[in-house]
Amino acid sequence: MRRLATGVLASAVAVAVITAAIALLKPHVPVLSLGVLYVFAVLPIAVVWGLALALPVSVASMLAFEWFYLPPVHRFSLRNSENWFALAVYLATAVVVSELAARARRRAAAAEQRQRESSLLAELATELLRGRRLDDELPAIAGRAAQVLGVASAEISLGPAHRPPKDQAPYPLEIAGRTVGAIYTPADPNAAAQRRFLPALAALLAVAVDRDRLERDALEAEALRRSDLVKTALLRAVSHDLRTPLTGIRTAVGALRSPTLHLSDVDRAELLDTIEVDSERLSRLVGDLLDLSRLEAGAAAPELELWSLDDLVREAVDTLGAREHVEIVGESPLVNVDAAQIRRVLANLVENALKFSPPDTPVLVRIGATRKEAIVRVVDQGPGLPEAELERVFEPFYRRTDDRKSGAGLGLAIARGFAAANGGRVWAESRPEQGATFALALPVVEVPAELTA
Amino acid sequence: MTGQRVLVVDDEPQILRALRATLRGAGYTVDSAATAQEALTAAAAQPPDAVILDLVLPDGNGTEVCRELRTWSEAPVIVLSAVGEEREKIAALDAGADDYVTKPFSVEELLARLRAVMRRSGSAQEPVIEVGDLRIDVADRVVTVGGKRVKLSPHEFDLLRVLAQNRGKLLTHRTLLREVWGPAYQVEAHYLHVYVSHLRRKIEPDPSSPRYLLTEPGAGYRLVNSV
């Protein structure tokens with residue numbers, strides 16, 4: 001509307017300017033030949049506003065020339081043959097020029113449209129190749145496609161085709177003969193652009209969908225492979241840890257029952273000892289397995305009571321009979337925990353530290369407290385742990401690469417489980433060659449008033 | 001009883017202790033070791049008449065000990081293996097071990113195997129070997145079953161002879177191929193299965209459930225000591 005108003009105004013100005021120019025030139029040039037100057041009014045209007053305004057401008061020019069300059073002046077006398085000739089020239093100019101201009105404009109618009117389409121495609125290709133997840137990008141891509149196509153909205157959906165929204169036409173995303181989704185656009189105003197643009201966009205999206213799928217498949221396969229490895233390792237570990245004490249027991253029992261052997265009293269005692277030690281080991285293993293499965297099932301409900309943490313540490317060390325190999329220093333923070341479970345955590349941490357300590361080097365247990373947490377650090381002077389093993393040591397059945405000693409690899413997993421059940425956490429710190437530290441943190445408890453009174 | 005010396009190698013202290021007491025009870029003199037290094041040192045200090053060797057040791061594996069031992073000792077070796085260690089077991093047998101038992105084993109089985117490998121290692125070349133109804137005249141290359149002569153091809157006879165001269169002992173596929181066909185054929189295991197099958201048809205009363213020539217699945221073959 002605004003454009004039309006500007007056009008009408010410009011037309012009026014153009015005709016007025018040329019009419020004035022003729023007035024200026026009239027004294028020097030025969031007036032009849034000046035009529036051709038109106039072509040300069042028609043020309044720019046035809047170029048910019050097209051035939052719709054160029055035609056009225058032609059007619060207005062003819063009328064202005066007739067009124068102002070053709071005798072009889074200031075009267076319309078349409079019988080003048082010059083008149084009709086001039087009009088014919090103006091009209092021809094208007095038609096030819098506006099057609100040429102319109103064609104150029106159309107070409108420019110088409111080129112611009114193609115340029116928008118291809119730059120969107122190029123941009124999408126770059127983004128998708130860079131590995132952006134397609135799902136997150138779909139609404140944005142649909143929005144930009146709608147913009148490029150000059151339609152109100154577009155929608156891209158993945159998965160099996162569904163019924164298109166009202167007035168929308170689907171364009172399928174196909175790869176290797178499978179339909180992986182569709183682009184929905186309004187049944188079109190700009191059919192040519194859609195015919196050109198949609199196939200390219202669809203091909204690009206289909207490739208991206210397929211790549212996402214392949215990536216997911218690869219991840220799943222990797223996860224499966226890992227869980228298979230874990231299961232195999234687990235089975236191996238359990239079978240080894242069960243079989244070793246069983247072998248000891250079976251050998252000893254077999255020897256004791258054998259009618260052909262002549263056992264001395266000392267050997268008889270040794271065999272009985274083996275049976276005792278290995279039975280103990282078996283029963284511990286079974287207990288550990290049960291604890292672990294209870295923890296994993298979330299069935300280890302702690303019975304919380306107030307304890308001084310250093311007492312629990314000392315009791316834990318005593319259950320290992322390791323008082324002379326362990327040095328306990330630090331504070332006595334109060335904690336609200338299940339004593340049996342936390343003793344177990346501490347015993348497992350200390351036992352682990354003892355296992356990796358060189359002979360005759362004590363394990364240091366340092367008890368400290370921050371405002372929120374009581375922290376027990378169990379420090380050994382063993383070989384330490386590489387970064388990669390800091391978390392893995394807490395996996396059930398995981399054995400440190402330097403572990404040559406017995407044990408099922410359950411102690412740390414159980415420690416972590418019980419710590420968590422009591423609102424705490426367990427972690428490992430280490431600098432290789434400098435020993436390992438295993439830490440237990442528990443929420444600290446304010447000392448109740450009646451205890452300090 | 002025997003006074004023979006047996007070296008037991010295992011890194012599990014309880015198994016070691018139980019084996020020591022058991023073997024002493026059976027009349028052997030027992031040495032023990034918990035690592036590969038200790039085992040070789042002990043064997044060098046007091047040459048054993050037999051070795052019982054765990055496959056998995058903290059500082060190496062039984063196969064290496066076996067190979068090293070074989071460079072200077074003829075003492076028979078029984079390997080203690082576990083399910084899941086089949087490949088190591090075969091490697092140890094190929095490296096010169098004489099037999100194996102699988103953990104957990106029965107004491108009687110272990111002692112029987114031990115007696116078998118020790119008897120064999122003590123036995124000289126016999127001109128005639130008899131097992132049940134099976135009679136092998138090594139010198140004349142004549143085989144009879146229940147007094148009836150069986151006709152064997154030269155390779156069949158050699159196969160039976162090698163098994164009989166090592167009777168009671170497990171022989172790996174590789175060992176048999178080497179002994180019968182020579183080193184060039186060591187990888188062609190299917191030759192062996194076919195010959196064993198032919199041999200069974202000729203010497204076994206019921207080839208589908210053999211009494212003399214037993215298969216040790218995945219490891220090799222054994223000719224029984226007695227039926």
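Is Leu349(A) buried or exposed? With 0% relative accessibility, Leu349(A) counts as buried (buried is under 20% relative accessible area, exposed is over 50%, and partly exposed is in between, using a 1.4 Å probe and protein chains only).

## Before we start

What you see is a predicted model, where local features need pLDDT of at least 70 and side-chain atom pairs count only at pLDDT 80 or more, while totals for chains, interfaces and linings use all residues. Residues are numbered from 1 along each chain as its sequence is written, chains are lettered from A and ligands numbered from 1 in the order in which they are written, and side-chain values use heavy atoms, with hydrogens and water left out.

## Around Leu349(A)

Let's stay with Leu349(A) for a moment. You'll find Leu349(A) in helix H10 of chain A, residues 339-356 (helices are DSSP runs of H or I with at least four residues, strands are runs of E with at least two, and both are numbered from the N terminus).

Leaving aside neighbours within four places in sequence, Leu349(A) is in contact with Val378(A), Leu412(A), Ala415(A), Val426(A), Phe438(A) and Leu440(A) (contact means heavy atoms within 4.5 Å).

## Where the two chains meet

Now for the meeting of chains A and B. Here 27 residues of chain A are in contact with 24 residues of chain B. Together the two chains bury about 2,100 Å², with 54% of that on carbon and sulfur atoms (buried area is the accessible area, with a 1.4 Å probe, that two parts lose on being put together, summed over both). On the chain A side, Arg243(A), Arg250(A) and Thr251(A) lose the most area to chain B, and together they make up 25% of what that side buries.

There are eight residue pairs in polar contact between chain A and chain B, both residues being at pLDDT 80 or more (a polar contact is a pair of N or O atoms within 3.5 Å; within protein, one must be able to donate a hydrogen and the other to accept it, and residues adjacent in sequence count only if both atoms are side-chain atoms). Helices H7 (191-257) and H8 of chain A each supply at least two residues of the side that touches chain B. H7(A) gives the most to that side, with twelve residues. By type, the chain A residues touching chain B divide into eight nonpolar, ten polar and nine charged (Ala, Val, Leu, Ile, Met, Phe, Trp, Tyr, Cys and Pro count as nonpolar, Asp, Glu, Lys and Arg as charged, and the others, Gly among them, as polar).

## A bridge across the interface

Side chains of opposite charge can pair when their charged atoms come close. Three salt bridges cross the interface of chain A and chain B (a salt bridge is a side-chain nitrogen of Lys or Arg within 4 Å of a carboxyl oxygen of Asp or Glu).

Asp267(A) and Arg24(B) meet through their side chains in a salt bridge, at 2.5 Å from N to O. Asp267(A) sits in helix H8 of chain A, residues 265-296, and counts as buried because its relative accessibility is 4%. Not counting residues up to four places away in sequence, Asp267(A) touches Ala21(B), Arg24(B) and Gly25(B).

Over all chains, the count comes to 37 salt bridges. In one of them, the side chains of Asp291(A) and Arg344(A) meet at 2.4 Å, N to O. This pair links distant parts of the chain, with Asp291(A) in helix H8, Arg344(A) in helix H10, and 53 residues from one to the other. Asp291(A) is buried, at a relative accessible area of 10%, whereas Arg344(A) is partly exposed, at 22%.

Arg116(A) and Glu112(A) also form a salt bridge, their closest N and O atoms being 3.7 Å apart. These two are four residues apart in helix H5 (residues 81-129) of chain A, so about one helical turn separates them.

## A look at chain B

Chain B has eight helices and 14 strands, and buried residues make up 52% of its 227 residues. Here Arg113(B) forms a salt bridge with Glu109(B), the closest N and O atoms being 3.7 Å apart. Arg113(B) is buried, with a relative accessible area of 18%, while Glu109(B) is partly exposed, at 32%. Salt bridges that share partners join Asp99(B), Glu109(B), Arg113(B), Glu216(B) and Arg222(B) into one network.
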